[in-house]
Amino acid sequence: MGNLRALSCFILLILVVFTTARPKSGPDQKCKSGPVDLVFLIDSSRSVRPHEFETMRKFMIDILNTLDIGPDSTRVGVVQYSSQVRNEFSLKTHSKLENMVKAINEIVPLAQGTMTGLAIRYLMNEAFSPGQGDRPKVPNVAVIVTDGRPQDRVAEVATEAREKGIEIYAVGVARADMTSLRAMASPPFEDHVFLVERFDLIHQFGLQFQDKLCGIDLCSESEHGCEHLCESTPGSYICHCLPGYRLNADGKTCSAIDLCAEGKHDCQQICISSPGSFTCDCNRGHQLNDDEKTCSPIDLCAEGKHDCQQVCVYMGPGFFTCDCNEGYRLNEDEKSCAPIDLCTEGKHGCEQVCVYMGPGVFTCECNEGYRLNEDEKTCSPIDLCAEGKDGCEQVCVYMGPGVFRCECTDGYRLNVDEKTCSPIDLCTEGKHGCEQVCVYVGPGIFTCECNEGYRLNEDEKSCSAIDLCAEGKHDCEQICVSAPGVFTCDCNKGFKLNRDKRTCTNMDMCNTVKHGCEYQCVNTPGSYHCICPEGQLLQEDGKTCGTCKSSNIDLVLLIDGSKSVRPQNFELVKKFVNQVVDSLDVSARGTRVGLVQYSSRVRTEFPLSMYHTAEDIKAAVLKVDYMEKGTMTGLALKHMLENSFSEAEGARPASHNIPRVGLVFTDGRSQDDISEYAKKAKEAGITMYAVGVGKAVEDELREIASDPVEKHFYYTTDFSAINTIAENLKLNVCPAESQGEVEVKDPCACENLVEFQQATMNSLDQLTQKLASMAARLEQLENQLLSRK
C-alpha cells in the first residue's frame, strides 16, 4: 500500500507548478509521499526558444520545491535530449534541493533535432539503473516535456520502458503531437497525457491537483469567485491570475496585460500581443533579425530564394526580376533562358553541316566522305582508294565519296574487320554435314569423326551411340543404364546397389537406419517415411508431429509478368501461387489473399477482400492474363505498400495485429530502383519474402527479403523447380504468435489424413527415383572421363 500511495502522490506532483505569486514552500507544505525515484526528460531541440526553455527550468524547480528531497525519500535526476542525449545529473548526484536548483539553472540547451525514442531508451537503460542511483522496490516515475513530433520511433521503446515498471507522464507544449504523447505515456491517458498551447501555461496543471495532494482547503470547499486561480491560506484564500494577467481592483477578476498597447515593447515594425507578453513581426518584404526585434529587407536574389535560371536582379524588398547571360535570351516564362543558336536560325553560310559551338558560335563541317575546303565553308568528295587510304589487304573497290569496300581473291573470304582475308574453313563455318566432329584438312577440305562412345556410320557423316547394355556387354544383376560407350548398374524399387556397383540387396529402412520418427516409421520400397497420429501433422523436419498448420495473415503476392518469363513459364508461376494457397487456411475471418501482376506497369488481379475460399482464389489465378512487358519491381513494391495493404482493398486494421506478408516472385533484374520501397515495406511491419528464378539478381532478392534473410529468400535456376520452393515456403506463423481480434479456426482440421499422407509418400517416391536416375547419369559421366584419361 505504501508504494501505491507514493505513486498516487507523484501522479499529482509531476503536474504541480506554482505561480510566482504563491508563497515559497516550507517544511509544512512538503508532500510526504514516501520514497520515489523521479527523472525529468526535457526536450531541448532547436524549436524550443530560449525564453521557453527558461519556463521549462522554472517548471522543474517549482515541482522540486513541493517534494521531500533526500537520499531516503525523493531522489531526482534530469536528462535533456535533442539529436543526442545528455545526463545533466543522476538520481544519486544531489541529495539537497539547493544543489539540484543550481544544476538546473546551469543547463545549456543542445538545440538540435528531436530523437525522443533514443532518449526514452537512455532513460530505461541508464537513468533508472542501480549505477545511477535507482533503488530496488522504489517506484520509478518519468516526466517527459516536449514541444514537437519525434524524429524517430517511440511506441516500441516506450512500451518496453512501461513493461519494466516505469510510469511515464507526457507533457506536450505548442507543436507537440498528441498521437506521439499517447504512444509514450502510461495508461490511463487522461491521467498521464497533457497538451497546452504554450510553455507559460504548463503550470496550471499543478493548481488543479495541489489541494488533493496536501490536504483539504477553502478553495475547493467554497464559492471563492476567483476568475483564474485560488490559493488557500489558513482559514481563508487569495485569488491570483495566470501569467500575463493582472488582478483587478475587485481582488477576483483578471485582465490581460497588453504590452503592445502600453508601448512596453521594442519591436521595430509590428508588435503582436499575447497576455503579458508579445512577439515582434515585420512588414511585407522584410524579415525578423536574430534579435527578434529589428527587421531587415528581404533580398530574395542574395538569399537564393528565386527561380531565375541564370541572373536574378534585386528590385527592392521582397521583389526581383530575371535576366540572362550574354548569348542567351529570356524565355516567355520570364524565368528560364535559351541559348542563341545561329545554326538553327540559318545565319552560318555552311555548304553542308553547321555545328553549334555555344551561344552565337558555330563551325562548318562536311558530310561523311567529304572534306572541308580552305574557305572553311564548302566541301569536296574523298576517293580513299585512289589516295591509298583504304587499308585493304587485297582489293579496294571505290563506292562513292569517302566510301569503299575491300574484297578478296578466289578461295578467301573477307574477315570481320572488312580489311583482311582468310582462307575458307568449312568446319568453322558449319558447312560440313558432320553430325559430331568436323576436322579441318585445308581450304574447302574436311573429314568427319565421332565423340568418345560413338562410331562413324557408312555415310561418313553421322554417328551412332555404342549401347553396351543392348549389346549385352555388361554384368549388372538387375538394371543396366546405358550411356554412349559406357553403362552403370541400378536396382529395382525396394533394393539398393551394393558396393560392387553390380549386385542389389533388398532394404528395410525402418529397422536398419535411425529414422528419428517421433510417432511411427513406415517402410516403402527402398525408403521410408514418418507418419503422425490422427489430429496431428508432420512438421518441416519430416520427423516430428505438431498441431500447427497456419494462422491468420493478410498475404499479397507480386508476380513478375515480364516478357522474359515467357507464356509456358507464366503458367508454372500460376501453379506455384496455387500451391502456396493450398497451404493456407483461407476464409473471410482467417487468411486473406491478394494477387498483383507487374511488368512495365502494375495491375491488381484481385484484392484481399475479393475471395474467401481457396477454390475461388485458385480459379481466379488460372484466369490471369500474361502482361509480357518490362520488369518494374520497385513500382510493384510501391503499389503494394500504398494500395494492396490498405483497408479499402481488404487489409484488416493494424490494431487487429493480423500479420501482413508480401511475396515477390521475379525472374530478372528490376528496371527501376527497389531500395526505397523495399525498406518502407519492412518498416511498415510487412514480412517480405523474395522468390527468384533464372536470371533474378540475388542482391535484389536479399534487399527485398525480411530478416533473417535466409528464411525469407528462395532461388532456383529453373522454373520447373519452383514447385519445390512452394513446398518449402513457410509464410505463416502459429496462432499463439498471432494476436488478431478475429476468430481462429482449427488449423489442423483434416478430413482425410491418410489420403494426405499417401499423397506425400507418392511425391517422395517420385523424388527418390529422379535422384537415382541423376546419380546413375553422373556415374556414367565420371566413367567416361576416367576412360578418356
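**View A. Salt bridge between Glu387 and Arg371.** The side chains of Glu387 and Arg371 meet in a salt bridge, with 3.5 Å from N to O; a salt bridge here is a side-chain nitrogen of Lys or Arg within 4 Å of a carboxyl oxygen of Asp or Glu. Glu387 lies in the loop between strand S22 (379–381) and strand S23 (395–400), and Arg371 in strand S21 (residues 370–372), so the pair ties together parts that are 16 residues apart in sequence. Helices (H or I, at least four residues) and strands (E, at least two) are DSSP runs, numbered from the N terminus. Glu387 is partly exposed, at a relative accessible area of 35%, and Arg371 is partly exposed, also with 35%. Buried means under 20% relative accessible area, exposed over 50%, and partly exposed in between (1.4 Å probe, protein chains only). The model is predicted: local features need pLDDT of at least 70, side-chain atom pairs count only at pLDDT 80 or more, and totals for chains, interfaces and linings use all residues. Residues are numbered from 1 along each chain as its sequence is written, and side-chain values use heavy atoms, with hydrogens and water left out.

**View B. Salt bridge between Glu345 and Arg329.** The closest N and O atoms of the salt bridge between Glu345 and Arg329 are 3.4 Å apart. The pair links distant parts of the chain, 16 residues apart: Glu345 is in the loop between strand S18 (337–339) and strand S19 (353–358), while Arg329 is in strand S17 (residues 328–330). Glu345 counts as partly exposed at 34% relative accessibility. Arg329 is partly exposed too, with a relative accessible area of 41%.

View C. Lys58 forms a salt bridge with Asp62, and their closest N and O atoms are 2.6 Å apart. Both residues lie in helix H2 (residues 50–64), 4 residues apart, which is about one turn of the helix. Lys58 is partly exposed, with a relative accessible area of 31%, whereas Asp62 is buried, with 10%.

**View D. Network of Glu52, Asp147 and Arg175.** Salt bridges link Glu52, Asp147 and Arg175 in a network. A search of the whole structure finds 34 salt bridges.

**View E. Aromatic pair of Phe606 and Tyr611.** The whole structure, when searched, gives 3 aromatic pairs. Phe606 and Tyr611 form an edge-to-face pair, with 5.1 Å centre to centre and 75° between the planes. Rings of Phe, Tyr and Trp (its six-membered ring) pair if their centres lie within 6.5 Å; planes under 30 degrees apart count as stacked, over 60 as edge-to-face and the rest as tilted. Phe606 is buried, with a relative accessible area of 2%, and Tyr611 is partly exposed, with 23%.

**View F. Hairpin of strands S2 and S3.** Strand S2 (residues 74–81) and strand S3 (residues 85–89) run antiparallel and are joined by 4 bridges; two strands pair if DSSP finds at least two bridges between them. The hairpin joins S2 to S3 through 3 residues. Tyr81 stands opposite Val85 in S3.

**View G. Nonpolar surface patch.** Val313, Met315 and Phe319 make a nonpolar surface patch of about 300 Å². Patches are made of residues with over 30% relative accessible area and no salt bridge: like charges are joined within 9 Å, nonpolar side chains (Val, Leu, Ile, Met, Phe, Trp, Tyr) within 5 Å. Accessible areas come from the Shrake-Rupley method with a 1.4 Å probe; for residues, only the protein chains shown count as cover. Val313 lies in strand S15 (residues 311–316) and is partly exposed, with a relative accessible area of 31%.
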